[in-house]
Amino acid sequence: MPSYTVTVATGSQWFAGTDDYVYLSLEGTAGCSERHLLDKPFYNDFERGAVDSYDVTVEEDLGEIQLIKIEKRKYWYQDDWYLKHVTVKTPLGDYLEFPCYRWITDEKEVVLRDGRAKLPRDDKTQILKQHRRKELENRQKMYRWKEWHPGFPLSIDAHCHSELPRDIQFDNEKGIDFILNYSKAMENLYINRFMHMFQSSWSDFADFEKIFVRISNTISEYVMQHWKEDFMFGYQFLNGCNPVLIRRCTEIPKKLPVTMDMVECSLERNLTLEEEVKQGNIFIVDYELLDGVDANKTDPCTIQYLAAPICLLYKNLENKIVPIAIQLGQKPGPENPIFLPSDATYDWLLAKIWVRSSDFHIHQTVTHLLRTHLVSEVFSIAMFRQLPAVHPLFKLLVPHMRFTIAINTKAREQLICECGLFDKANATGGGGHVQMVQKAMKDLTYSSLCFPEDIKAKGMDSKEDIPYYYYRDDGIKVWEAIK
């Protein structure tokens with residue numbers, strides 16, 4: 001009688017093991033086995049992190065094994081089980097691995113295919129075709145689309161984290177790790193001691209230094225020494241937190257009426273402003289998206305403000321990018337002056353601070369929330385709905401999608417919701433961040449998500465012209481590796 005050796009690997013995360021009864025059936029091209037109870041006498045099967053082996057004897061050869069069926073039945077109480085994979089050694093000595101990597105939470109039968117990547121055209125038998133179709137039908141019932149807010153990318157149909165399918169929820173370790181990392185960040189930033197500094201106006205530049213009490217390294221010390229200087233301000237547009245907005249200026253916009261007289265003292269090549277533009281030495285960062293966005297009014301005791309600046313930058317003879325003109329609003333006029341490096345020291349510094357403040361809001365809401373989190377979730381849900389586990393693209397994508405939907409659901413539950421953290425901490429809270437996402441969605445294109453195309457469209461692709469743009473250089477390497 002043919003005998004198969006079945007090896008079952010249980011996950012190592014907390015509470016992954018089970019005391020429930022586990023049954024297995026084998027289905028091959030020549031027939032199906034009976035249901036076998038996987039149980040060894042006087043042995044605690046399926047403990048956390050365990051790898052358990054069992055001999056399964058059948059009456060006749062089953063042919064090529066195509067599917068295995070796992071069934072979990074309650075012992076005392078409902079006991080979830082995280083099954084990593086099952087390996088089957090055939091009577092001929094061949095090994096087949098059947099990946100699962102998900103929680104088995106109820107008493108339904110789970111059907112697994114072997115782990116070899118297969119496209120639909122590779123399925124030759126009706127059994128495999130039917131399995132592929134059923135898997136997607138079940139996934140499409142679990143992973144449903146919903147519009148969380150008008151104008152936002154579609155997201156998962158779940159009001160809170162606990163409503164998500166178990167397999168994409170944070171596990172216990174991830175949840176605790178999330179809390180510990182948050183607490184550690186707060187401790188490092190010394191936030192608790194200086195929380196009052198974020199709820200009222202700061203009175204002195206020395207207040208900034210207090211934030212760095214717990215973060216002491218060569219970088220933080222260098223930044224503290226040079227953050228007021230123009231070269232550091234310009235460098236941030238290339239390699240700071242949000243190095244995605246700067247673009248080469250091909251024409252000075254009419255809404256920024258900068259003249260040669262204004263910037264002549266900043267230009268180093270004895271060229272006119274128009275000639276500098278033609279030679280590709282002028283760059284621009286425009287925060288037009290913030291124009292008309294409502295500032296946070298959730299705290300009646302605190303008046304908050306937003307600016308929508310336009311910043312003109314210049315590549316000097318040292319190939320450093322430095323600011324040469326800043327207008328804090330989109331409409332030119334006497335109430336909206338253009339600030340210059342030749343202005344009074346603190347006028348110019350405050351203008352740069354306003355630009356950096358606007359940069360923060362764009363980074364948090366558009367670069368980070370929309371173009372990283374929310375867009376990734378669209379691809380994640382589509383992957384679960386349209387690609388079965390045997391599809392090669394599913395295998396490539398699924399490790400990168402882990403926890404994507406979970407972290408976004410928590411964000412909608414705690415961060416960007418009404419009375420969430422955005423409302424308490426950001427000048428764009430109270431609905432401004434929602435307006436920003438809606439406006440940014442209108443300009444979101446597929447090509448802007450393709451790194452080389454986006455860099456080229458902004459005129460930032462030349463290493464010779466812009467040698468210190470490490471965000472571009474490293475990003476291209478990552479892109480090419482993935483490609």
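Student: What is the relative accessible area of E276, and is the residue buried or exposed?
Tutor: This is a predicted model, in which local features need pLDDT of at least 70 and side-chain atom pairs count only at pLDDT 80 or more, while totals for chains, interfaces and linings use all residues. Residues are numbered from 1 along each chain as its sequence is written, and side-chain values use heavy atoms, with hydrogens and water left out. Buried means under 20% relative accessible area, exposed over 50% and partly exposed in between, with a 1.4 Å probe and protein chains only. E276 has a relative accessible area of 0%, so the residue is buried.

Student: Which residue meets the side chain of E276 in a salt bridge?
Tutor: A salt bridge is a side-chain nitrogen of Lys or Arg within 4 Å of a carboxyl oxygen of Asp or Glu. The side chain of E276 has such a contact, 3.7 Å from N to O.

Student: Which residues do salt bridges that share partners join into one network?
Tutor: Side chains of opposite charge can pair when their charged atoms come close. Here, salt bridges with shared partners make one network of R35, E71, R73 and E107.

Student: How many salt bridges does the structure hold?
Tutor: One of them links R116 and D114, with 2.8 Å from N to O. D114 is buried at 10% relative accessible area, whereas R116 is partly exposed at 41%. The structure's count of salt bridges is 23.

Student: How many residues apart in sequence are the parts that D20 and K72 tie together?
Tutor: The side chains of D20 and K72 meet in a salt bridge of 2.9 Å, N to O. D20 lies in the loop between β1 and β2 (21–28) and K72 in strand β6, so the pair ties together parts whose separation in sequence is 52 residues. Helices (H or I, at least four residues) and strands (E, at least two) are DSSP runs, numbered from the N terminus.

Student: Where is F15, which has a positive phi of about 60°?
Tutor: F15 has this phi although it is not a glycine. Its relative accessible area is 61%, so F15 is exposed. The place of F15 is the loop between β1 and β2.

Student: Is F46 buried or exposed?
Tutor: F46 is not a glycine, yet has a positive phi of about 55°. The residue is in the loop between β4 (36–37) and β5. With a relative accessible area of 2%, F46 is buried.

Student: How many residues of strand β7 are buried?
Tutor: Strand β7 covers residues 81–89 and is largely enclosed by the rest of the structure. The reason is that, of its nine residues, the number buried is seven.

Student: How many bridges join β7 to strand β8?
Tutor: Two strands pair if DSSP finds at least two bridges between them. β7 also pairs antiparallel with strand β1 (residues 3–10) over six bridges, and there V6 has V88 of β7 as its bridge partner. β7 and β8 form a hairpin with five residues between them, and G93 in the turn has a positive phi of about 90°. T87 has E97 in β8 as its bridge partner, and the number of bridges from β7 to the antiparallel strand β8 (residues 95–104) is eight.

Student: Which strands stand at the edges, each with a single partner strand?
Tutor: The open sheet of five strands has the order β12-β13-β14-β15-β16, with antiparallel pairing. One side of each edge strand is left without a neighbour in the sheet, because each has a single partner; these strands are β12 (247–248) and β16 (338–339).

Student: Which residue in β15 is the bridge partner of I310?
Tutor: β14 pairs in the antiparallel sense with strand β15 (residues 321–327) over six bridges. In β15, the partner of I310 is Q327.

Student: What distance separates the C-alpha atoms of A307 and A295?
Tutor: A307 lies in the loop between β13 (282–286) and β14 (310–315) and is buried, with a relative accessible area of 10%. A295 is twelve residues apart from A307 along the chain, and their C-alpha atoms are separated by 9.4 Å.
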